[in-house]
Amino acid sequence: MDKKKKRLIFRSVLLTIMVLMTVYAVYTNLTSDKKAVLQVGDEAPNFELPTMNINNKETLKLEDYKGQGVMLNFWATYCGPCKEEMPYMQQLYPAYKEKGVEIIAINLDKSKLVVEQFLDEYGLTFPVVQDTTSEVMQLYDVGALPASYFVGPDGKIEHKIIGALTLENLEGYLQDITPES
Amino acid sequence: MGNRTCECGHVNPKGTVLCESCGKPMEGNQHIDGNEPNKLLNMRYDGSARRSKTYNKTFVDKVWNFFSSVKVGVWLIVLVLVASAIGTIYPQEMNNQSPLPAAQYYVEEYGITGKIYYQLGFHDLYGSWWYLLLVAGLAISLVIASLDRVVPLYRSLKKQKPKRHTTFMQRQRLFGKAEQATEQDKEEMIANLKKKRYKITEQEGHVLAEKGRFSRWGPYVNHIGLIIFLMGVMLRSVPFMYIDETLWVREGETEPIPGTDGQYYIENVDFFVETYDESDPRFKDALEQEGTVVSNYQTDAIIYERTDDGLPGVEPELTKIQEGAIQVNNPIKVDGFGLYQTTYQLNEFKSMSFKIHETNDKEEKAIGGEFTIDLMNPESEYILENGMRVEIVSYFPEFDMEDGEPVSVSKYPKNPAFVLNVYPPEDPNSPETSFLAIGANLDPEENNQYKVSITNFETRDVTGLTITKDRTLWILALGGLIFMIGVVQGMYWPHRRIWIQPKEQGFWLAAHTNKNWFGMKKEIQQVIEGTDVPMVNDQVEQEQ
């Protein structure tokens, strides 16, 4: 009967290996499909970009906001849905700024002028930085605009939202990344 | 499961159909290969004990036996084929140029069938989980079915003895009695067989002549190759092994090469399209018929490596490492990445120059000189030589009207438009507004004293490159090579065996081949030439 036992072990081991390989292959294929190399739960990668509306700061680094909740909003002036959600962000910003949440809007236009004119028109007070080479956009695997990452006080990504936000769900996500006082 | 010990004394594994040693049909197991009603023996796998047919108790065994079945394997192949065929009915998502997301595209373009097609994942077949499971199931089936057959077959062919059971001899397709044959005839036959490169083994006067046994391993070698190939394909989902990206670079601009984590950058120095010379007598006739024919698409490029360790987003410090031309089928290679010329856009606007003149001046004489707007990065205002000020109120790089509002649909100056304010020198506080676009120069109030007119523009080309890295190619090549070796091994050599069994009068002759019976018979004829041995009978032909 020892032979039968050996056979069972051999079969079980080989089947397990092949099933694990299959699961791995299916999993990587399904995730790479969405090009989401960055996942919820991952550390938000650091970057440094020139600021558009902060007078005393040439550039801004993500790590400057360690310990705070950070919303990263990828947007452009030519993106319609981005324009719709901007007023919501502006509306909620002052209250959440008090609670230790920062909103950083990462603009993807090429020209500075169009962004400056947009800022004047919409009266945005949260920091806006410009990523003219789309390098940070690639770093965050952003394809379609708008896209928002909500980063918790621990520096980990809590939500990744593609598409425009409503006022309600924006507030919900901001609450999720508010540090405990 | 029948008696395991044969009368020749050999102990066979459970489920053996034909004794490994002497080939005698094992009592109680003949149904396995369907030998019962037939005169001839089924020689597939040499009557060895395929475990899948014999042992079926635990859950693991049941799974194992499911995949071990050739029937299951064939069905998996059929399903993969049918799914792949259906996947060609509508375009795959990756080849789809439509700006619509897939969820909308298929239903809007093809209606209800398109919707089903999308929902079942046929639009991205290689990425849909059930297709992957089918292929993985096929791979598992290949491994298990092969293992379950190659091991017993190997064992059986290794254990076979020249001394065969009489039943085995009689129930071979090629069988004959040479009752008049002498010992000398036998020796001559053996000599002839040796000349034909048969391997001879003898046991108490019984002879086995065998050649081409290695051809029996062909299918299994072939399966190993197929599995290596499939693994190579699976590895393509790992970015370390495989990258396939596109990159647009404008002339004069430097962009990070995707997939390199910002390590390498490429500058587009110049892009151009060349055509065959129409005055060349060699091409003249053909070109007159065909019109213009392109002879070359080329990007002159410089490759840089980033030498600082700044954060992403910071202006990089770059060192030139390579310079050259990218042409179709002639890429630049850098650190395992290939940069291929795939597409282009000619004549995107780069800058525009304007002059200001009095609206009612027919000659449009410029006042205060010209100003040039860099369309990638315009200034907010331009001051002319005479102190006149032009302010850009709005800039639309790719102008379009949306719900009656002027908007830009991209960041690239493909269709630039401006709202400009001109501050007349005599009255710097009351600007005149005008709207300029390609083919439009509007004065909303229709009372402007000054008019802005375009005098000149500069364009540049955009090159479209494909960035590829493929570290799986050698795996695919290796798998393909082993696959082909297996095919050749199994297809081009037959496994032939001839048995000689001594009798009181003369001897019996039986022969088996796994393919090409005609060749086998011809070879026997050559081997018995010049002897008193009669030709063997083809018992299949006799029956018909």
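Predicted model: local features only at pLDDT ≥ 70, side-chain atom pairs only at ≥ 80, totals over all residues.
The size of an interface is often given as the accessible area lost when the parts come together. For chain B and chain A, this buried area is about 3800 Å², with 63% of it on carbon and sulfur atoms. Chain B brings 51 residues to the contact, and chain A brings 41 residues. Four salt bridges are counted between chain B and chain A. Arg11(A) pairs with Asp61(B) in a salt bridge, where the closest N and O atoms are 2.7 Å apart.

Chain B itself is divided into domain 1 (50–153), domain 2 (170–212 + 494–543), domain 3 (242–346 + 464–478) and domain 4 (348–460). The C-alpha centres of domain 3 and domain 4 of chain B are separated by 35 Å. Five residues of domain 3 of chain B touch five residues of domain 4 of chain B, and the two domains bury about 520 Å² between them, 37% of it on carbon and sulfur atoms. On the side of domain 3 of chain B, Arg250(B), Glu251(B) and Gln345(B) lose the most area to domain 4 of chain B, together 77% of what that side buries. Two salt bridges are counted between domain 3 and domain 4 of chain B. Arg250(B) also meets Glu348(B), side chain to side chain, in a salt bridge with an N to O distance of 2.6 Å.

Over all chains, the count comes to 25 salt bridges, and a few individual pairs are worth a look. In chain A, Glu102(A) and Lys97(A) form a salt bridge at 2.7 Å, N to O. Glu102(A) is buried, at a relative accessible area of 2%, whereas Lys97(A) is partly exposed at 41%. In chain B, Glu323(B) and Lys320(B) are joined by a salt bridge whose closest N and O atoms lie 2.7 Å apart. Here Glu323(B) is exposed, with a relative accessible area of 52%, and Lys320(B) counts as partly exposed at 47%. A further salt bridge links the side chains of Lys521(B) and Asp538(B) at 2.8 Å, N to O. Because Lys521(B) lies in helix 10 of chain B and Asp538(B) in strand 22 (residues 537–538) of chain B, the pair ties together parts that are 17 residues apart in sequence. Both partners are buried: Lys521(B) has a relative accessible area of 16%, and Asp538(B) has one of 7%. Salt bridges with shared partners also join Lys110(A), Glu253(B), Glu255(B) and Arg460(B) into one network.

Val70(B) belongs to helix 2 (residues 70–86) of chain B and is partly exposed, at 42% relative accessibility.

In chain A, the loop between helix 4 (135–139) and strand 6 (147–151) holds Pro146(A), which is joined to Leu145(A) by a cis peptide bond with omega of about -5°. Asp141(A) lies in that loop between helix 4 and strand 6 of chain A, and its phi is positive, near 55°, although the residue is not glycine. In chain B, Asn516(B), also not a glycine, has a positive phi of about 60°. Asn516(B) sits in the loop between strand 21 (507–513) and helix 10 (517–528) of chain B and is partly exposed, with a relative accessible area of 42%.

How values were computed. Residues numbered from 1 in each chain as written. Chains lettered and ligands numbered in written order. Heavy atoms only, no water. Helix = DSSP H or I, 4+ residues; strand = E, 2+ residues; numbered from the N terminus. Buried < 20%, exposed > 50% of the residue type's maximum accessible area, 1.4 Å probe, protein only. Domains from an automatic or database assignment. Contact = heavy atoms within 4.5 Å. Buried area = accessible area lost by both parts, 1.4 Å probe.
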